[in-house]
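Hi,

Here is the structure I promised to pass on to you. Have a look at it first, and then read on for my notes.

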Amino acid sequence: MLLDLYGLDGNECQVIDKTDLALHEGLSVLDAGEEAVVACFGEGTLADFFFRDEQSSALAALVTAGILAGCGNNYYFAGRVLPPSGIANRVLIAVQNPSTASKGVLEFVDAYYDIRQSFNDKIPGFSISGYTGALPVTIQNMPEEQIGAVYGSGDGSFGLINYAKESFTGSAGTLNGLSSSVFISRNQRFVIAASQQSTVLTVMDRNLGQTYSLGLPGVYRVSMNPGGTVMMAFVQNSNYAYYPRKLQASETTALAAYYQANNSWPAPYTDCEPKNLPGMCLAQMQSPDNFNSQFNVSYGVPLSFDRPVKAIFSADGSSAYVLNCGPECGGTASSVSILPPTAPLILQSGQQAGSLPTQATLTTIAVPGGATNALETPGGPNSIDTLYVLGEGSTTGTLASGQLFSGYLTPIDLTTNTAAAPISVSDSAPGQRTRMILADDNTLWLGGIRCTEGQRYASGQPYGCLTMFNISTNTVTLIEPFQGDLTGIASVTGLHKIYIAEGGQVYIYSTKDGSAINNFYVTVTGTAYDVAYMDGLTDANNTVY
């Protein structure tokens, strides 16, 4: 279908099929099969957007400038409201100390043109209005919900961002001091945070206005499935894992009586709050050797992992892949333990089904290359479900005298639960957080911090913190030079590029060949610490998960 642009007069509306607009390869938001959209054109719109010398594509400017406006309601794709800036490809940047008067700002740039200003230069830059957090470090990106959750390490704030309005909507809740790990469910009902200094695991039910501070000394990492129905907590220098359970009224009464009589909690619970009338308990993952019918919970010997740090939940929600950090975190052997099903761990009591595996039936896959982060690609290369595991280790799992940790990526075939040989990638600090994200052109991007502490730097090899891995060809491209700690990656899907925060600055790379793209017009004043593609197609476009 051709667009009859000349037939549109002021404020006239035209139905345009997205499949036609998608002919332009840069329009990532316009995919074949999407619904038709209504475009309204006010006076002067066509002249403004179709006859600018700088414009590389009339259709691209049509979309990115936001003239796909529904009559009465403005949309640009998938029912999303056109934001006030009119930018359709936005990358959000968490910036620390942008000035002497501020400890944090959330700026966003136009990722189609790679510029911070408006296309017509009338607006010098854009930022999220109302944000006042200090030292923002992570952006939990939820583009499907048009929401972002930003944690500030300077004040312990955890705030919500409305992408459609490009504004701060308020705090997600008050945490117990600073948190080393924090998540919010996609429906924004539950928040879980590891407050290591306060030695508590904080769980919030925002719908009911309830906050539970569950005692867990040493807690430092938490994980949550996308639906917010399963949560897990991990303790530093420990081989055990924990999960919270929201109680039913009958359990609340019985547990209060038990605590009053025994001054302790029945297994597998380690703490319940509030103690006089518990609403939530923290359970240790234990073998289902026994069942307590009074409290509706199984218990037994604690399941033993090897310095677990994170859980990755399968795409279908049926399994959790627990990453055992092993030697990176002072343990014995790095591996991945599979917990099928996750149903016994469901947060809401009374909704559980089945039981956890015993130690003997727990499936554990050795990953000698290290296991501190992972990402699943359902129906990935050759239509094989693959879990890509990133960590620091060696090809054998042990280090020779004088040998340092090296970065490795290990593909695990989830249909057979077998691990392939570790693939050498950029080094990172052992046991520390890394970033992983899928991008265009079948690429998986990996990044970490303190990359000069590994074997590559010590032996005179390339030691940059960013790696591009092609999941179709299994080829590795190490991105040089080293520019400091890599703390954030955003995949600008459909535009064949990624944005990263490295060494406190913003850089751009092509997913086609790993080449650098001019970043002159997107650099920031202050320290860029995280980035997120606000207009991603799905919530999978996210390195904080």
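This is a predicted model: local features need pLDDT of at least 70, side-chain atom pairs count only at pLDDT 80 or more; totals for chains, interfaces and linings use all residues.

Let me begin with the nonpolar core. The largest one has 29 residues, and M232, L255, Y269, M285, F305, L339 and L345 make the most contacts inside it. Several elements supply at least two residues each, including β17 (231-235), β18 (241-246), α4 (249-262) and β19 (269-273). The biggest share, 3 residues, comes from α4. If you click on F305, you will find that it touches N239, A241, M285, V322, N324, S337 and L362, leaving aside residues up to four places away in sequence. Another core, of 21 residues, lies apart from the largest one, and V105, A111, V522 and V531 are among its members.

Helix α4 deserves a look of its own. Its 14 residues reach 20 Å from the first C-alpha to the last, close to the 20 Å expected at 1.5 Å a residue. Buried in this helix are E251, T252, A254, L255, A256 and Y259. What do the buried residues of α4 pack against? They pack against β19 and β20. Just after the helix, N263 has a positive phi of about 55 degrees.

Those two strands belong to an open sheet of 5 strands, ordered β16-β17-β18-β20-β19, with antiparallel pairing. At its edges are β16 (219-224) and β19, each pairing on one side only. From one strand to the next, the twist averages 25 degrees. β16 and β17 run antiparallel and are joined by 5 bridges; in β17, F234 is the bridge partner of R221.

Finally, the aromatic rings: the structure holds 10 aromatic pairs. In one of them, the ring centres of Y258 and F295 are 5.8 Å apart and the planes stand at 90 degrees, so this pair is edge-to-face. It links distant parts of the chain, as Y258 sits in α4 and F295 in the loop between β21 (290-292) and β22 (297-299), 37 residues apart. Y258 counts as partly exposed because its relative accessibility is 26%, whereas F295, at 1%, counts as buried.

The rings of Y388 and F469 are also edge-to-face, because their planes are at 65 degrees, with centres 6.0 Å apart. Y388 lies in β28 and F469 in β34, so this pair ties together parts 81 residues apart in sequence. Both Y388 and F469 are buried. Elsewhere, ring pairs link Y112, Y113 and F119 into a cluster.

Best wishes

Notes. Residues are numbered from 1 along each chain as its sequence is written. Side-chain values use heavy atoms; hydrogens and water are left out. A nonpolar core is a set of buried Ala, Val, Leu, Ile, Met, Phe, Trp, Tyr and Cys residues joined through side-chain atoms within 4.5 Å. Buried means under 20% relative accessible area, exposed over 50%, partly exposed in between (1.4 Å probe, protein chains only). Helices (H or I, at least four residues) and strands (E, at least two) are DSSP runs, numbered from the N terminus. Contact means heavy atoms within 4.5 Å. The expected span of a helix is 1.5 Å times one less than its number of residues. Two strands pair if DSSP finds at least two bridges between them. Axes are lines fitted to C-alpha atoms, for helices over the stretch in contact, and angles run from 0 to 180 degrees between N-to-C directions. Rings of Phe, Tyr and Trp (its six-membered ring) pair if their centres lie within 6.5 Å; planes under 30 degrees apart count as stacked, over 60 as edge-to-face and the rest as tilted.
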